[in-house]
Amino acid sequence: MIVFSDQKLKEVKDIISHYPEGKQKSALLPVLHMAQEEFGGWLSVETMDYVAGLLQLEPIEVYEVASFYSMYNLKPVGKHLFEVCQTGPCMLNGSDDIIEYIKHKLNIQVGETTADGLFTLKTVECLGACGYAPMMQYGKTYREHLTKEKVDAIIEECKAKSN
Amino acid sequence: MTKKILLEKIDVPGIKNYEVYRREGGYRSVEKALTMKPEEIVEEVKKSGLRGRGGAGFPTGLKWSFIAKPEGIPRHLVVNADESEPGTFKDRYLMEFIPHYLIEGMIVSSFALGSNVSYIYIRGEYAWITDILDQAIAEARQQGWLGKNILGSGFDCEIYTQRGAGAYICGEETALLESLEGKRGNPRIKPPFPAVKGVWQRPTVVNNVETIAAVVPIINEGGEAYAKIGIGKSTGTKLISACGNINKPGVYEIDMTISVEEFIYSDEYCGGIPQGKRLKACIPGGSSVPILPANLLLTTAKGEKRLMNYESLSDGGFATGSMMGSGGFIVLDEDQCVVKHTYTLARFYRHESCGQCSPCREGTGWMEKILKKIETGKGEMKDIDLLWDIQRKIEGNTICPLGDAAAWPVAAAIRHFRDEFEWHVNNPELCLQQNYGLAHYAEDIRVPVA
């Protein structure tokens with residue numbers, strides 16, 4: 001069932017209070033973040049329709065926004081999502097090698113999820129960590145100055161969390 | 001050595017927290033500002049010569065003076081924390097380690113502009129920084145710096161954070177406002193400008209994080225004192241985020257009198273290039289600004305030492321100069337391939353184009369394809385001319401500056417490194433195995449270690 005808990009509904013109400021009367025559409029981006037976190041790490045049509053109802057929007061107003069921003073996943077992703085930056089400054093510091101290494105290590109291509117549903121690998125464009133390259137986003141955090149050893153450690157950390 | 005202003009207290013233990021920040025002199029500018037008239041604050045900012053630190057360098061006081069004041073319609077300050085220009089990570093540093101600086105600057109600026117509800121629009125990926133800011137806002141509110149009737153002045157102010165969700169285009173101010181309204185980040189046609197019709201059609205000022213933080217010392221010390229730092233129209237200090245092939249990547253605060261050479265080679269800043277390699281090229285102000293080969297980077301076409309400021313970095317126009325931009329300083333050493341680097345930037349702009357204007361939507365993808373073709377040894381000579389042609393047709397033909405931002409890096413790469421593109425075409429096998437070596441370069445590109 002796609003329904004926020006009472007606690008989450010209170011949070012939604014609080015977010016809406018940040019904007020002028022009748023401008024609750026402004027809450028769409030934050031509420032989509034919440035929904036993605038709550039309902040399996042991605043936005044299904046059902047989830048988006050639920051958010052539309054919550055904010056009194058037409059479903060299309062939600063779809064067009066969800067499809068515009070790269071942080072919203074419109075397809076299921078693995079339990080652990082690795083988003084590795086590949087833009088100029090990261091490339092200068094060896095992001096290509098890191099991406100190749102993760103592909104090899106997880107035995108998947110970019111955009112794919114491992115068969116056990118644990119890992120998804122994505123490449124992303126500049127995340128604002130250029131001085132700490134190469135880097136990736138994992139959950140809410142950045143993992144920076146990546147090396148092969150660090151990648152190994154992160155993968156082990158994820159596996160430990162899943163056990 | 002630069003006298004630090006924004007980063008002066010960054011190493012004080014616990015400066016992230018309210019008590020320490022306050023003990024170190026924080027929020028003094030709010031106490032002072034609330035005894036002034038809003039117009040007087042705008043006047044101080046004008047006197048300071050402060051220019052927008054997000055990239056465009058527009059005078060902040062002037063921008064503030066444009067805000068419309070129609071009767072009965074609320075006005076808003078929106079801080080642009082959507083830091084997404086490749087090479088740029090300075091605002092993140094400020095917000096993560098000394099968040100109250102931004103909140104303090106926002107209260108003063110909100111008072112000057114008459115904004116009772118102000119927003120920080122922060123890029124979605126900076127999720128943990130949003131938590132830090134929310135914490136700082138809660139502390140400030142608890143201490144009476146936010147809320148109703150601040151310090152008994154009769155001025156009410158609230159600050160809210162709003163996370164984006166992964167879109168470079170939302171750093172463009174009208175796209176940012178669309179996004180804040182819960183829409184796709186499609187830039188608006190100007191006019192009307194945000195100062196007249198911004199968020200929810202209300203008068204709005206959008207300023208970069210660093211710009212708003214700089215308001216704090218301007219109010220504390222006075223606009224004239226701030227204007228004395230720096231040189232010419234580059235007043236005050238600037239945060240530079242340095243990355244690429246340097247020994248000490250990071251965020252540095254500079255007064256804008258130091259030379260580019262000193263910035264790269266001095267131990268106080270970038271500390272030179274790893275393994276003693278030679279400097280090949282540099283993008284001095286974020287990925288959108290023109291790349292310069294080492295010789296033009298360090299010395300202007302007139303033969304003067306190039307300095308780290310707005311005027312000097314743009315000296316010579318795009319023919320032989322570049323721009324200060326956002327302060328994202330990307331260094332390429334002798335082993336790097338300009339074609340490949342430019343390809344990654346073209347891919348970035350294709351990914352980030354909102355798709356509204358045909359020249360940008362089609363042109364960015366086309367440039368990416370051609371650059372990939374050349375980079376992987378499948379290019380032809382006519383592709384180089386085609387690439388030049390496409391970028392010219394994007395520049396100036398789009399609603400927002402993303403078109404220009406996508407065109408300029410490609411144009412500059414061809415302008416200064418055409419031989420490298422040709423080498424790729426002429427050596428299809430070789431270019432897959434090695435980058436265009438510095439053996440091809442004249443000795444004059446060699447730079448003595450400072």
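This is a predicted model: local features need pLDDT of at least 70, side-chain atom pairs count only at pLDDT 80 or more; totals for chains, interfaces and linings use all residues.

Trainee: How many aromatic pairs does a search of the whole structure find?
Mentor: There are 30 of them over all chains.

Trainee: Are A:Tyr19 and B:Trp200 buried or exposed?
Mentor: A:Tyr19 and B:Trp200 are both buried, a label that requires under 20% relative accessible area.

Trainee: Then why is the pair of B:Tyr119 and B:Tyr160 called tilted?
Mentor: Planes under 30 degrees apart would count as stacked and over 60 as edge-to-face, with the rest tilted. The planes of B:Tyr119 and B:Tyr160 are at 40°, with centres 6.1 Å apart, so the pair is tilted. B:Tyr119 belongs to strand β2 (residues 117–122) of chain B and B:Tyr160 to strand β3 (residues 158–163) of chain B, so the pair ties together parts 41 residues apart in sequence. Both B:Tyr119 and B:Tyr160 are buried.

Trainee: Which residues do ring pairs link into a cluster?
Mentor: The cluster contains B:Tyr18, B:Tyr21, B:Tyr27, B:Tyr101 and B:Trp145.

Trainee: How do you know that B:Arg51 lies over the face of B:Tyr310?
Mentor: For Arg, CZ has to be within 6 Å of the ring centre and within 35 degrees of the ring normal. B:Arg51 is at 4.1 Å from the ring centre of B:Tyr310 and lies over its face. B:Arg123 likewise lies over the face of B:Tyr126, at 5.6 Å from the ring centre.

Trainee: What makes β1 and β2 of chain B a pair of strands?
Mentor: Pairing takes at least two bridges. Strand β1 (residues 76–81) of chain B and β2(B) have four bridges, in the parallel sense. Opposite B:Asn80 stands B:Tyr121 in β2(B).

Trainee: What is the strand order in the open sheet, and which are the edge strands?
Mentor: The four strands of chain B run in the order β3-β2-β1-β4, with parallel pairing. The edge strands are β3 and β4 of chain B, since each pairs on one side only. On average, neighbouring strands of this sheet are turned by 20° against each other, direction ignored. Helix α7 (residues 127–142) of chain B lies across β2 and β3 of chain B, at about 170° to β3(B).

Trainee: Why is α2(A) called mostly covered?
Mentor: Nine of the 11 residues of α2(A) are buried; among them are A:Leu28, A:His33 and A:Gln36. The cover includes α1, α3 (45–54) and α4 (59–66) of chain A together with β2, β3 and α8 of chain B. Just after α2(A), A:Gly40 takes a positive phi of about 85°.

Trainee: Which domains does the assignment give for chain B?
Mentor: It gives domain 1 (18–228), domain 2 (231–336) and domain 3 (338–434).

Definitions and conventions
Residues are numbered from 1 along each chain as its sequence is written. Chains are lettered from A and ligands numbered from 1 in the order in which they are written. Side-chain values use heavy atoms; hydrogens and water are left out. Rings of Phe, Tyr and Trp (its six-membered ring) pair if their centres lie within 6.5 Å; planes under 30 degrees apart count as stacked, over 60 as edge-to-face and the rest as tilted. Buried means under 20% relative accessible area, exposed over 50%, partly exposed in between (1.4 Å probe, protein chains only). Helices (H or I, at least four residues) and strands (E, at least two) are DSSP runs, numbered from the N terminus. Axes are lines fitted to C-alpha atoms, for helices over the stretch in contact, and angles run from 0 to 180 degrees between N-to-C directions. Contact means heavy atoms within 4.5 Å. Domain bounds come from an automatic or database domain assignment.
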